[in-house]
Each structure stands twice: as C-alpha cells, then as structure tokens.
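Welcome, and please open your viewer and have the selection tool ready. We will go stop by stop, with something to pick at each one.

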Amino acid sequence: LYRGLSENVLNEANIDEFLVEIKKKDRIKYTVDEKDIVIVNPKSEITKKIVVEKNTWGYANVDVRSDGGFVFVPLTHFGGDDFEDDKLEIEVKIIPEFLKAGRNFGKIFIDTPKETFCVNILVDNERKDITKHENYMFKKALDKLFRLYIEFSLDRISQDEWCRESLKIAETINGTNEHNILSALFKAQIFIINKKEKDAARILEGVDELIVNEKLSDETYGYYLYITSLLSKESDIVNRSLKKIRKFYSKDMGNSVLSWLIIYLTEEFYAKNEKKLEFLIEQFRLGNNSPFLYIEGLNILNENPSLLMKLEDYEEAVLRFGLKYKAISANLGERIQFFVSRLKEYKPIWFEILKYQYAYMPSKELLNTIVSYLCKGNKIGREYFEWYSLGVESELRITRLYEFYMDCLPLDYDKDLPQMVM
C-alpha cells in the first residue's frame, strides 16, 4: 500500500491517505455553511463569504468554480495553509453591472477530494424605470469622467491617477442595463490600460451574457466592439469591429462617440496625423462639436504646429478649447501669431490667445503683433490702454499707435506722458 501510493507525484495527499488506511488519523470531511445566497436589489458590488470547515488535520485541497456572469471568485484554489482553526473563508463578489432586470441565478461549486458542494445564488434585481435622480447621477458621473479624461489627455495627471479616480467614479454608476454595461466596459478599458487583461476578460464575459437579449444603442455596441478589439489585439478582430462601427457611423455621420471609436481603431491615423486631422475637420463640418474630438485636434496641433495652415472655423473652435484649458503650446502659439499678423479682420478670440501667450512668454515681436492687431481692429477702451502703453514704451513703429494711445488714455491717469506722444 505504501509503495503504491508513493509512486504518485501527489505525495502529500497520498501520505494522508496512507495514514487514514492504517488508522492513524481520521479522513478529512468537509462541510459548507451556506446552501443558498439570496440578495435583493444590490446598489453596488457585494462581497459574501462562504465558510468551509474540515473536521481534522491533514492534507487539504479545495477548488472553487462559479457559474453566472455576475458572480466573481477572486481566489479559486486553497490548500491546508489557507485554513485557520480548520475553517476556510471563500470570498464571493456579486457584480451589479452584469445583472439583468428580474431574477438572476448563479452557482458556486466547491470541489474537495471526495465531494463537490454547490451553493445556489439568487439575486433579485427588480429594476423599475430609471428615475430622474438616477439619470441625473449617471450624467454627473459622465461629466466627472470627461473632466478626468481631459486632464489625462493634456498630461496634467498621470495614467495611474486617471485610472484610479475613473474607476472610483465608474463604481458609482447604477441605472439601466445599458448604463451598467457602459460602466462595465469602461472598467474593462481601464484594466487593459493597466495590463490587467485577465480582469478585463472577466468583465467582458459578463457583458457578453448581458447583451444577448439587450437592445443596445449603436454607440454602446460600438464601444463594446472597441473594447473587445483592445483586448484581442488581433488584426482580423480589429478590422471586423472597425467595419461594423463604420456601418453604424454611415447611418449617423457626425456621431461623436462613433467618430472617436473610428479614430482609435484606424491604423492609418496613428501613422499620419494629417489624415487624422482631415477626418476631424470633416467631423466638424458635419456638425460634430464634441470636446473629445477637440482634444484630438489640439494634441495634433500642439505636437505638429506646422499642420496649422489657416485660422478658419475649425481652427478657431479647437484653439478656443485650448485657451479654455490653457493648453496651447509655445510652438503652436508662435504659429498662431504668424497667421494673426496676416489677418484682415479682428476677432476677440485671437487677441485673447495672443494675450495668454504673452503672459507666459513675453517678447517684443509678440507685443508688436498684439498691438498691431488691436490697431487693425480699431479697438478703443480703457482695457486696451495697457497694450498701447507697452507699445509706446517699447518704441514700436505702428501706424496710428500714438493716436490709439491717447484715445484710450484714462481720465484719472496721473503719470507723465511719454515725450514721443506729446
């Protein structure tokens, strides 16, 4: 008996079996404290613990399996060292994003050397129509996510901080099934970025079960295709996803979400910024004014200022966005200055951008552009006096400069006037 058991590589288990056979110890018997777990209307992720107890010492081996996309078991294998006072706690998580409306059934299987235990899980998720409050909270969460994305896209926060804070916000989303699917997909994206592909795959498995009978919007289904492409990285899957998304897009050209997905799945756009910029300009002409696309355009122009070829409606919209977030680079600012100096008509936005640039990098050349532009626009008022005054002090040679200086001179000005304007 001893030689036969020793030939197997599982020596620890065999030794335990040998001791049982020669009556030196009792055979280990396991019991489970739960047969059924019932949860009603979970609002957030719920953790339950199943206690497995054994009757004596010796070799222990427990494996755990789950059935049901909303059930997640973080640890699936346990040995003797995991038991404390002959008790083992198995952690089970219920993920609300993967629940459908109504009753959800799942199972936990606990495999021991001689027996398999089954714990039934019932989650009653009787969702009524989404309330105004829930819809408000969903939109509020999206707004927070958007603001974080801007900070991340403009390199103002690290990738780690963006992922960490975004996950916190995504955890608060609870509403319709589609809202929950969006939340789950976003979490999967964060996991992929953090190189936690297994966690992302687990989430997608749950989403797969949810979308079978769910009528999703084209944007949500397109986002699902995008996440599956990110996870697989296989060119065939990426191309199929892109083809389907483009089909959705053909029915709703100018849709900001579908446009964004196309940008990030089109290989050519990674290699050629000018092609990507052409697509963004086309979106703008179709009426797509999404800040997500403004970010893409601004990043391209900041990285390659030479691609700024004119100052027309699209460029104005993107640079206005850049001014709002104080995200116009010095090199791009110089390019803007070049084109502003050649404009024939005055627009306040260009003055505001030049003023912003001067605050960070003042120069006589830039001052000359600002003052010339104000004169070209016949701008008179107390708020412009400081610029005309700087122009006079710097001895800029600009037609009608002294005239504008005097026209803007405040009534309470009590300093000596420069000799050249007398």
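This is a predicted model: local features need pLDDT of at least 70, side-chain atom pairs count only at pLDDT 80 or more; totals for chains, interfaces and linings use all residues.

Residues are numbered from 1 along each chain as its sequence is written, and side-chain values use heavy atoms, with hydrogens and water left out.

**Stop 1: the five-stranded sheet**

Select the open sheet of 5 strands, whose order is S2-S9-S8-S4-S6 with mixed pairing. Strands, like helices, are DSSP runs numbered from the N terminus (E, at least two residues, for strands; H or I, at least four, for helices), and two strands pair if DSSP finds at least two bridges between them. At the edges you will find S2 (36-40) and S6 (77-79), each pairing on one side only.

Now pick residues 102-111 and 116-125: these are S8 and S9, joined in the antiparallel sense over 10 bridges. Across this pairing, Phe 105 stands opposite Leu 122 in S9.

**Stop 2: strands S1, S3 and S7**

Move to residues 46-54, strand S3, which pairs in the antiparallel sense with S1 (residues 30-32) over 3 bridges. Look for Tyr 30 here, opposite Lys 54 in S3. S3 also pairs with S7 (residues 87-94), again antiparallel, over 8 bridges. Select Lys 49 and you can find its bridge partner in S7, Glu 91.

**Stop 3: Gln 283**

Next, go to helix H11 (residues 273-285) and highlight Gln 283. Is this residue buried or exposed? Gln 283 counts as buried because its relative accessibility is 0%; the cut-offs are under 20% relative accessible area for buried, over 50% for exposed, and partly exposed in between (1.4 Å probe, protein chains only). Leaving aside residues up to four places away in sequence, Gln 283 touches Tyr 249, Gly 254, Ser 259, Asn 288 and Leu 293, where contact means heavy atoms within 4.5 Å.

**Stop 4: helix H14**

Select residues 330-340, helix H14, and colour its buried residues, among them Leu 332, Ile 336 and Phe 339. Seen down the axis of H14, the buried residues fall within an arc of 165 degrees, so they line one face of the helix; the arc is that of the directions from the helix axis to the C-beta atoms. Their packing partners are H12 (291-303), H13 (313-324), H15 (348-360) and H16 (364-376).

**Stop 5: helix H17**

Finish at residues 385-393, helix H17, whose buried residues include Trp 387 and Tyr 388. The buried residues of H17 pack against H15, H16 and H18 (401-407). After H17 comes Glu 395, with a positive phi near 60 degrees.
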